[in-house]
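Here is a short briefing on one protein model and its ligand. Keep the structure open as you read.

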Amino acid sequence: MTRNGRPRTLGIVCYPSSGGSGIVATELGLQLAHRGWEVHFITYAQPIRLKGYEENVFFHQVQTDNYPVFHHPPYTLSLAVKITEIADTHGLDVLHVHYALPHATCAYLARQMLLPRRLPIVTTLHGTDITLVGVQPSFHKITRFSIEQSDRVTAVSDFLRRKTIESFGVERSIEVIPNFVDTDLFQSQPNGGGPRVCSGRTQKVVMHASNFRPVKNIPTVIQTFARIHDAVPSRLLLVGDGPERWQAQNEVRALGIAEDVHFLGVREGMADLLGRADLYLLPSEHESFGLSALEAMSCEVPVIATSQGGTSEVIEHGVSGFLVDPHDAEEMARIGIEVLENPDRQRAIGRAARARVEERFAIDKVIDRYERLYEGAMREVVGA
Ligand code: GMT
């Protein structure tokens, strides 16, 4: 991707932690770098999936300055200034911000500071930025304003697109571009090797990965697994960390299943773990898309996910996975036991899941759509 012989340059602003929005942003940037874009990540820490040296990829750390009168260091202001600095130094052609707050607002501020030069801004809405954070009274107006001011806006599911219109009354167009997965990396790896915690195949491996926030509904993960564990020799692997972890550990002890529940904390190498799982649970209160479910599906792992949110755009119930009321642990366990006790059914669901991923969510198709979106924004904003 070049213009007048120089690579196109893209700025990406995201949260660097293990959440889905940061993962999508990082994988997107890496893929675009392979396609010849020069990619500049701008955030407060190195994104978790950005490792080693990558050609055409740069990371710019935002430093905040503090002063006694500030209650908190104003990260938002430092980020906006950093964006202008990178735009000036590296001649950004387009800026893509992930998660509306505060990133779309910082992008707007940066764009105003850069005038008369125009910097096209693309904002991707991921889920909780709209459903939980942006709708709070103190953020509502600025979320709406920042969405309206972006040159292009995408949402990761049609559910999220509709929710944004409903919650903020925005009138601009929002394009749905789904999450994606690297199907070469996320593959079934049923035999031998791999992490010890997945080996010893006398027990089935049930998995859940998240940031352990209330929206992830961890109690249902534990209750579902406890029922499965009563019927099928199995262990539960919990990947990630967050505020609900202590409560989950207490519950696991109280249920007497601690020996077969492994809290692995934040981990790299999700593909290695998922590739050896037998069942994946995602009973969130709501999930705008469910990236971790998609990664499991790519590994041919049957997923039992929440029926609330955009998951029905990812999983066809009873065909490529299962969608269940997030508070119905009994039904989740019933399905889980049926799948784990019937290897043919487990395989059939896993294969249908993989086929669906390849058809709709493979990396190249989705990256093509982002590239076209950038082209459109650059043409419209700067006539490039
Ligand atoms: O799930 C989280 O709480 C993390 C959050 C994020 O922004 O990091 O995930 C959201 O974005 C993901 C990537 O687009 C989506 O796959 C998740 O469904 C979405 N989470 C929710 O809607 C709860």
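This is a predicted model: local features need pLDDT of at least 70, side-chain atom pairs count only at pLDDT 80 or more; totals for chains, interfaces and linings use all residues.

A ligand sits among 18 surrounding residues. The protein buries 94% of the 490 Å² that the ligand exposes when taken alone.

**The shell around the ligand**

- The closest residues are His 126, Asn 179, Lys 216, Glu 287 and Ser 288.
- By type, the shell divides into five nonpolar, eleven polar and two charged residues.
- Two domains take part: domain 1 (2–180 + 362–382) and domain 2 (196–360) each supply at least three residues to the shell.
- Helix α1 (residues 20–34) gives the most to the shell, with three residues.

**Contacts with ligand oxygen atoms**

- Lys 216 uses its side chain: one of its polar side-chain atoms lies 2.6 Å from an oxygen atom of the ligand.
- Gly 290 uses its backbone: a polar backbone atom lies 2.9 Å from an oxygen atom of the ligand.
- Leu 291 also has a backbone N or O atom placed 3.0 Å from an oxygen atom of the ligand.

**Helix α1**

- How far apart are the end C-alpha atoms of α1? They are 21 Å apart.
- The expected span counts one less than the number of residues.
- Is α1 mostly covered or mostly open? It is mostly covered, with 13 of its 15 residues buried.
- An α-helix has 3.6 residues a turn, so residues three or four places apart point the same way.
- After α1 comes Gly 36, which has a positive phi, near 105°.

**Pro 214**

- Find Pro 214 in the loop between β10 (204–209) and α7 (218–231).
- Is Pro 214 buried or exposed? Its relative accessibility is 53%, so Pro 214 counts as exposed; the cut-off for exposed is over 50%.
- Pro 214 and Leu 125 are 89 residues apart in sequence, and their C-alpha atoms are 20 Å apart in space.

**Asp 241**

- Find Asp 241 in the loop between β11 (234–239) and α8 (245–254).
- Asp 241 has a relative accessible area of 36%, so Asp 241 is partly exposed. Partly exposed covers the range between buried, under 20%, and exposed, over 50%.
- Which distance separates Asp 241 from Gly 265? They are 24 residues apart in sequence and 5.3 Å apart in space, C-alpha to C-alpha.

Key:
Residues are numbered from 1 along each chain as its sequence is written. Side-chain values use heavy atoms; hydrogens and water are left out. A residue is near a molecule or strand if one of its heavy atoms lies within 4 Å of it. A polar contact is a pair of N or O atoms within 3.5 Å; within protein, one must be able to donate a hydrogen and the other to accept it, and residues adjacent in sequence count only if both atoms are side-chain atoms. Accessible areas come from the Shrake-Rupley method with a 1.4 Å probe; for residues, only the protein chains shown count as cover. Helices (H or I, at least four residues) and strands (E, at least two) are DSSP runs, numbered from the N terminus. Ala, Val, Leu, Ile, Met, Phe, Trp, Tyr, Cys and Pro count as nonpolar, Asp, Glu, Lys and Arg as charged, and the others, Gly among them, as polar. Domain bounds come from an automatic or database domain assignment. The expected span of a helix is 1.5 Å times one less than its number of residues. Buried means under 20% relative accessible area, exposed over 50%, partly exposed in between (1.4 Å probe, protein chains only).
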